Amino acid sequence: MSTENEEWRDSSNEENTGAGRDGNRSYNREGGYNRPSYNREGGDRPYRPRFNPNNEGGERRSYGDRPQRPSYNREGGDRPYRPRFNNGGEGRPQGFARPQRRTGDYDPNAKYSKKKQIEYKEQFVDPNEPIRLNKFLANAGVCSRREADEFITAGVVSVNGEVVTELGTKIKRSDVVKFHDEPVSIERKVYVLLNKPKDCVTTSDDPQARLTVMDLVKGACNERIYPVGRLDRNTTGVLLLTNDGDLASKLTHPKFLKKKIYHVYLDKNLTKADMDQIAAGIQLEDGEIHADAISYADENKRDQVGIEIHSGKNRIVRRIFESLGYKVVKLDRVFFAGLTKKGLRRGEWRYLTEQEVNFLRMGSFE
């Protein structure tokens, strides 16, 4: 039994073969014009159906002179057959293949090496301008400025053959400086960004032999770099390591406001009242502290919060929430002084770009 639609298709087929045609135009039922329909033998161009139906023999045939895209089989052809998706295995439905398991010697930072270390442009420095001895040692990658003061007072630093123990001593860059009788000189600058994992301590040396951030970046350079600031052992996220003492001092000194954003995971939902209180200010044992911005990371999961803060006080984020009866179960620093961990998995590192270094030197992180 034919339906009205089938009758319409029959009439359409007749029109396509030339029936009911007025030149290259054909009339529809309402009397209007249809788009020109060309037949296989005549017309301005050959008939080319959009799809190629199968013939009775089961082989796919092509109409017109339109070339068909090559179909390569698994045995022959110009290239091997490559399915878009890999089979999941015998007896398993076709779909995405399981991710390849990494072996114990997998190095996520293999794409970086000392050969690919970036040569950063040095800022102009007057070679005759005096420089503090502790700053010289820090810029030489020996230690931080604070540690340099301790080494100076301990009498293990000499300048031009004479031991110097007075703090604040200034020297020339051309002077011969020795540390433990070994000559030292100002090294080229290195800037490494690490996505710090959990169970990793932010120190250059750990007496308990725990995993340190230095273990994770040991293949980055020959120069001695050290972490800028600290993250708790169980806090993850953005961490900068460098031998640029001047920049490290800027980023850790309280007078330089560094924007930091944390993703906080709590043991229970944060109430709107407590959130407003954190924004207004919380009184802690070492003074009042308030967040520059705070909001739910997900409206459906109110136990996750994003908080922006400039304070560099010890464990400040954890103490803020603990003072209101919450326990921080996970803490991730996602932003520090303009730097993010985008594109870095846990434990991976990369060199800063020249542009990022310039932003930090200019103080654009404030």
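A salt bridge here is a side-chain nitrogen of Lys or Arg within 4 Å of a carboxyl oxygen of Asp or Glu. With that in hand, look at Asp232, Arg315, Arg318 and Glu322. Salt bridges link these four residues in a network. One caution before I go on: this is a predicted model.

Let me stay with charges for a moment. Side chains of opposite charge can pair when their charged atoms come close. How many salt bridges does the rule give? The count comes to 17. I will show three of them.

Arginine 233 forms a salt bridge with aspartate 199, and the closest N and O atoms are 3.9 Å apart. The two partners sit 34 residues apart, so to speak in distant parts of the chain. Arginine 233 is in the loop between strand S10 (226–227) and strand S11 (235–242). Aspartate 199 is in the loop between strand S9 (191–196) and helix H4 (213–216). Buried or exposed? Arginine 233 is partly exposed, at a relative accessible area of 39%. Lysine 259 bridges to glutamate 308, with the closest N and O atoms 4.0 Å apart. This pair also links distant parts of the chain, 49 residues apart. Lysine 259 lies in the loop between helix H5 (245–252) and strand S12 (260–266). Glutamate 308 belongs to strand S16 (residues 301–309). Lysine 259 is partly exposed, with a relative accessible area of 27%. Glutamate 308 has 18%. Buried means under 20%, so glutamate 308 counts as buried.

Aspartate 332 is buried, at 5% relative accessibility.

Lysine 330 lies over the face of tyrosine 265, at 4.8 Å from the ring centre. Arginine 333 does likewise with phenylalanine 336, at 4.4 Å from the ring centre.

Now the sheet. Strands of a sheet pair through backbone hydrogen bonds, either parallel or antiparallel. Here four strands make an open sheet, in the order S5-S4-S7-S8, with antiparallel pairing. Which strands stand at the edges? Strand S5 (162–163) and strand S8 (182–184) do. Each has a single partner strand, so one side of each is left without a neighbour in the sheet. Inside that order, take strand S4 (residues 157–159) and strand S7 (residues 177–179). They pair in the antiparallel sense over three bridges. Serine 158 stands opposite lysine 178 in S7.

A pair of aromatic rings is described by the distance of the centres and the angle of the planes. How many aromatic pairs does a search of the whole structure find? Two. One is phenylalanine 151 with phenylalanine 179, edge-to-face, at 4.9 Å centre to centre and 75° between the planes. Phenylalanine 151 is in helix H3 (residues 145–153) and phenylalanine 179 is in strand S7, 28 residues apart. Phenylalanine 151 is partly exposed, at 29% relative accessibility. Phenylalanine 179 is buried, with a relative accessible area of 16%.

Tryptophan 349 and tyrosine 351 form another pair. Their ring centres are 5.2 Å apart and their planes are at 75°, so this pair is edge-to-face. Both tryptophan 349 and tyrosine 351 are buried.

Last topic: empty space. Rolling a probe the size of a water molecule over the atoms shows where empty space is left. The largest pocket has a volume of about 1300 Å³. Its lining takes in 42 residues. Which of them lie nearest the centre of the largest pocket? Those are Pro227, Val228, Gly229, Arg230 and Thr252. Several elements each supply at least two residues of this lining: H3, S10, H5, S12, helix H7 (316–322) and strand S17 (328–336). H5 gives the most, with five residues.

Then the closed space. The count is one cavity of 30 Å³ or more. The largest cavity has a volume of about 30 Å³. Its lining is made up of Arg132, Leu133, Asn134, Asp149, Ile152, Glu166, Leu167, Gly168 and Thr169. Helix H2 (133–139) and H3 are the elements that give two or more residues to it.

Phenylalanine 151 sits in H3. H3 supplies at least two residues to the lining of the largest pocket. H3 also gives two or more to the lining of the largest cavity. That is all from me.

Key. Residues numbered from 1 in each chain as written. Predicted model: local features only at pLDDT ≥ 70, side-chain atom pairs only at ≥ 80, totals over all residues. Heavy atoms only, no water. Buried < 20%, exposed > 50% of the residue type's maximum accessible area, 1.4 Å probe, protein only. Pairing = 2+ DSSP bridges. Phe/Tyr/Trp six-rings, centres within 6.5 Å; stacked < 30°, edge-to-face > 60°. Lys NZ or Arg CZ within 6 Å of the ring centre and 35° of its normal. 1 Å grid on protein atoms, 1.4 Å probe; cavity = no way out; pocket = protein on both sides within 12 Å on 5 of 7 lines; lining within 4 Å. Points joined across faces, edges and corners; volume = space filled by probe spheres on them.
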